[in-house]
Amino acid sequence: MASGGVSVASLWTEVNRCGQNGDYTRALKALTKILHENRDDVTALHCKVVCLIQNGSFKEALNVMNTYSKVLGSEVVFEKAYCEYRLNRVESSLKTIESAPEQTDKLKELYGQVLYRLERYNECKTIYTDLIRNSQDEYEEERKTNLAAVVAAMSQWEKAQMEDLGLPESTYELCYNAACALIGQGKLTEALNKLQQAEELCRVSLADDSDVTEEDIQSELAVIHSQMAYIMHLQGRTDEALQLYNQVIKLKPSDVGLLAVTANNIITINKDQNVFDSKKKVKLTNAEGVEYKLAKKQLQAIDFNKALLAMYTNQADQCRKLSSSLQAQNPGHPRPVLIQVAQLCREKQHSRAIELLQQFSDQNPESASGIKLTMAQLYLVQGHVTKACDVLRSIEEFKHKPGMVSALVTMYSHEEDIDSAIDVFKQAIEHYLSEQPGSATHLALVREAANFKLKYGRKKEAISDLEQLRFHVQNTKDIHTLAQLISAYSLVDTDKAKSLSKHLPSADTMSFNVDVDELENSHGATYVRKKAAKVVGENLPKEQGHGEIKKKRKKKKGKLPKNYDPKTTPDPERWLPMKERSYYRGKKKGKKKEQIGKGTQGATAGASAELDASKTASSPPTSPRPGSASGSSTAPASSVVPPRQQKPSSSGATRKKAPQKKKKGGKGGW
């Protein structure tokens, strides 16, 4: 009999009823009373652990199991591993599962989850494949969804080739995971179509439930929309991606992992712009529990972006602190070092940056390619072209690539180091001759080497390359190479050039199908051949009435001067300057100009004109004008210009000039 007069049997009845109704809190009260009577009751302890797990009290349930470990033994292996898993003690959960005496189906299910969290995807895939093959119950669809998630993770984080496991795409979760796998393979367009299909399936499945609101649907679709935005981001459609990312952020989904990834992607779009918005978004990446929701590479990318954001916001100390911490966590990863170098370059410490790169390159030769490219760039910024070339030539992975050869030859040519440029060509040609003889890259390098040597007067070396190119199997009928070879030999050995010229095809056999007239009349032609003049008499006589009508151009009448007199002969010297004309006598000195319009108001120049003897009719002209009549008289009175009068002022008074200051004697004073 339990305390209070209630029997243990009735308490177990209460526990059973509450368990069926899902009322685990009341069940716990009944179990406490039972354990008060018998504290080592295994069944009661087991039920208490289950009720605590159902209520989410994982830590309390784990304490009960640890306290009564001797009593419970292996009865609660699954419950203990599950509590450790939910408390993010994944390594402890793995040990508990592996130490179980028997691997039941539910332990295998949990084992798969633990392996997924530990990113041991190959083992996880094996577990789920075995479970799907050997079990048939209502959880089969969930197992397939988990297996699809494993395949997607392998595709994204390990770049593994997709394997067709025959998984259906009947639910939006399966469709979403298939889209993630396609993203890992770089098939972005197909992945976007798959996500749109997943969105439709999600809407259809949730529309049947009357209790689900539009907000609930949008919250469920948030992860799909965020992945759609990621694809647009990768495709360069940053404006559309940013709009979709912000829509997801505004929904405030409960998944902290989704919020962190979306906020991080917005920060990558902002880069060094809109840093205040980035500072707000970076807080979402620091939410509690984010580290348990994301993969290691996702967390690593977020940490890298935090360091870059510190650099863009001129927080030099914070940037150095974060990048140093990242380097300690990822000693072989080049990105933390590159962030430190970028910060040093912003501080104009290029020499220190190069030392840091050289140190990392020596310690991690397997990942030194990108580091050495950065070193070469910094040397070029400082103007040390030869040092940059030496660094580039030390990269075994890229030194024989056509792009690298082109860059090295260009830089050596800039430094006028032709011998080193030719040596670059030589090493690259020898590499392809041994690895890929006769390939398109090999022949292209030989041709470019020959052109380069001809350009800088190395005719004999160029001839050697052209001979190699001409007598190669794929180039026996290469006319262009033969012409180059003849041109080179003509400067060294004319007899050899003549003998090779016999191999050139005749002009008759070469058909270019070129329309010369069309070529000359085309846009951009620098010379247009004039058409030959028509020979007189070539045209046949045309029928009467069908003669050719020629357009007559109207002649414009020339403009005549205003004082032109048709009866007077024009001055033949009118085109010469006045000083060069025969009748020019120079300016007369000593005679004041006639002051017309000066003096008191109303005064005229008539009196002075009458007293001027040169203007009277009796005085003959000093020099006759060309074209004038010999017996001409003075001009009629009507041609005399009347005197000009001053305009009266508004007050009616005459204007008076202000007296000028007189110059005083002395040294330059006024």
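Colleague: Where is the place of Asp211?

Modeller: Asp211 sits in the loop between helix 12 (188–207) and helix 13, where helices (H or I, at least four residues) and strands (E, at least two) are DSSP runs numbered from the N terminus. This is a predicted model, in which local features need pLDDT of at least 70 and side-chain atom pairs count only at pLDDT 80 or more, while totals for chains, interfaces and linings use all residues. Residues are numbered from 1 along each chain as its sequence is written, and side-chain values use heavy atoms, leaving out hydrogens and water.

Colleague: Why is Asp211 called exposed?

Modeller: Buried means under 20% relative accessible area, exposed over 50%, and partly exposed in between (1.4 Å probe, protein chains only). Asp211 has 65% relative accessibility and therefore counts as exposed.

Colleague: What makes Ala263 buried?

Modeller: The relative accessibility of Ala263 is 0%, so this residue counts as buried. Ala263 lies in helix 15 (residues 256–270), and, not counting residues up to four places away in sequence, touches Ile249, Lys281, Leu284 and Thr285, a contact being heavy atoms within 4.5 Å. Of these, Leu284 is 21 residues from Ala263 in sequence, with 6.6 Å between their C-alpha atoms.

Colleague: And how do you know that Asn177 is buried?

Modeller: Asn177 has a relative accessible area of 11%, and is therefore buried. Its place is in helix 11 (residues 172–184), and, with residues up to four places away in sequence left aside, Asn177 touches Thr145, Ala148, Ala149 and Ala152.

Colleague: Why do you say that Lys108 forms a salt bridge with Asp130?

Modeller: A salt bridge is a side-chain nitrogen of Lys or Arg within 4 Å of a carboxyl oxygen of Asp or Glu, and the closest N and O atoms of Lys108 and Asp130 are 3.6 Å apart, so the pair qualifies. The pair links distant parts of the chain, with Lys108 in helix 8 (residues 105–117) and Asp130 in helix 9 (residues 121–134), 22 residues apart. Lys108, at 24% relative accessibility, counts as partly exposed, and so does Asp130, with a relative accessible area of 25%.

Colleague: Is Arg143, which forms a salt bridge with Asp137, buried or exposed?

Modeller: Arg143 counts as buried because its relative accessibility is 6%, whereas Asp137, with a relative accessible area of 32%, is partly exposed. Their closest N and O atoms are 2.7 Å apart.

Colleague: How many salt bridges does the count come to by this rule?

Modeller: The count comes to 19, among them the one between Glu461 and Arg458, with the closest N and O atoms 3.8 Å apart.
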